[in-house]
Amino acid sequence: MKRHAWMLVFLPLLLAAGTARSEDAPHSQFVTATLENDLFAGKDGGYTNGVAVTWAHGRLNEFTAETIPAWIHALSKDLYVSTQPGRHRAVSYTIGQGMQTPSDITVPTLMEDEAPYVGLLAWSASLHAFDDRVADKLSLTLGVVGPVSGAEAAQTFVHKVGGSDKPEGWDHQIGNEPVFRVGAERLWRLSDWRVRDGTGIDLIGIGEVGVGTLKSDVAAGIGVRFGRGLERSFPAATVLPGRQVNPLAGSAANSWNVFFNVLATFVANDIGIDGNTFRDSHSVPLEHWQAEAVAGVAFNLDRWAFLISAVAASDRYQGQAEMTRFGSLSVTYNH
């Protein structure tokens, strides 16, 4: 059973927006919309469907109580993203809904050998600090899983409108629970080579760490890009499109690149596999060591930016029948 790529278009989910278009526009605003689904990769593979909306402000010279919410400024004013000198800065906010279902949603009984039904409704805020060689992101995600997320109603409604199979197994979703995650990401522009006429290649190092009831993990990887305007679009380099959209997309007008990333991750906990943190619910054994490969294209045209990508990932849980594969499409407008 294929889950339609547009199944959540009536509800907000996961995405990004970015920095100013030039040094002369320090307070530009970006809005991004993203859709991701395993349908783009041609088959189901145990992936969480999602759509998202993100808005962002940049470039900011510094974070103050006037440029970001006062409570976020109070928590972050002494941290590295706020204190490092000589950096451009941006702030982004995302609201989204996501869902995870087994491979066959028409089965009303519990599918014990597959990951549980999970609905997620979340909000996140991210602070970005970057220069020509290093880009940092520090983020906080707050949300809720379970029936209160509205995922069952969303999928049922969209499938009814679209004439698709009615989802029958949501009675087995994990229970209501508030979730959070604090995450940090750093990108290093390790090397770059000019090919001709502004076209070049660069190599990017990737480091990530996150802690929370939603997910706790540590990751490292490497990425390579080929295209035009790489030096201007470096802060927008996307590690894992869809799940980790970088709101600096659209910061370099009239640029383009094709990219390929590989990422190795150790996952300590994942509520989508482990089930509820403080109560009994369906779960499957977590695969702690995971890997992902991402390929895609990103291009900017004046005020618009587009990103299309495909991801192949190793198993998230023991006994997973098929490799995880999904695609992502995002559109950013700079105004």
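This is a predicted model: local features need pLDDT of at least 70, side-chain atom pairs count only at pLDDT 80 or more; totals for chains, interfaces and linings use all residues.
A residue here is called buried under 20% relative accessible area, exposed over 50%, and partly exposed in between, using a 1.4 Å probe and protein chains only. Residues are numbered from 1 along each chain as its sequence is written, and side-chain values use heavy atoms, leaving out hydrogens and water.

Let's stay with those two residues. The structure holds seven aromatic pairs, meaning rings of Phe, Tyr and Trp (its six-membered ring) whose centres lie within 6.5 Å; planes under 30 degrees apart count as stacked, over 60 as edge-to-face and the rest as tilted. W304 and Y333 form a tilted pair, because their ring centres are 4.7 Å apart and their planes stand at 50 degrees. W304 sits in strand β11 (residues 304–313) and Y333 in strand β12 (residues 324–334), so the pair ties together parts 29 residues apart in sequence. Strands are DSSP runs (E, at least two residues), numbered from the N terminus.

Now for the interior. A nonpolar core is a set of buried Ala, Val, Leu, Ile, Met, Phe, Trp, Tyr and Cys residues joined through side-chain atoms within 4.5 Å. The largest one has 11 residues, including L60, F63, I72 and Y93. Strands β3 (88–100) and β4 (118–130) each supply at least two of its residues, and the largest share, three residues, comes from β4. A second, separate core of 10 residues includes A135, A219, V239 and L263.

How values were computed. Helices (H or I, at least four residues) and strands (E, at least two) are DSSP runs, numbered from the N terminus.
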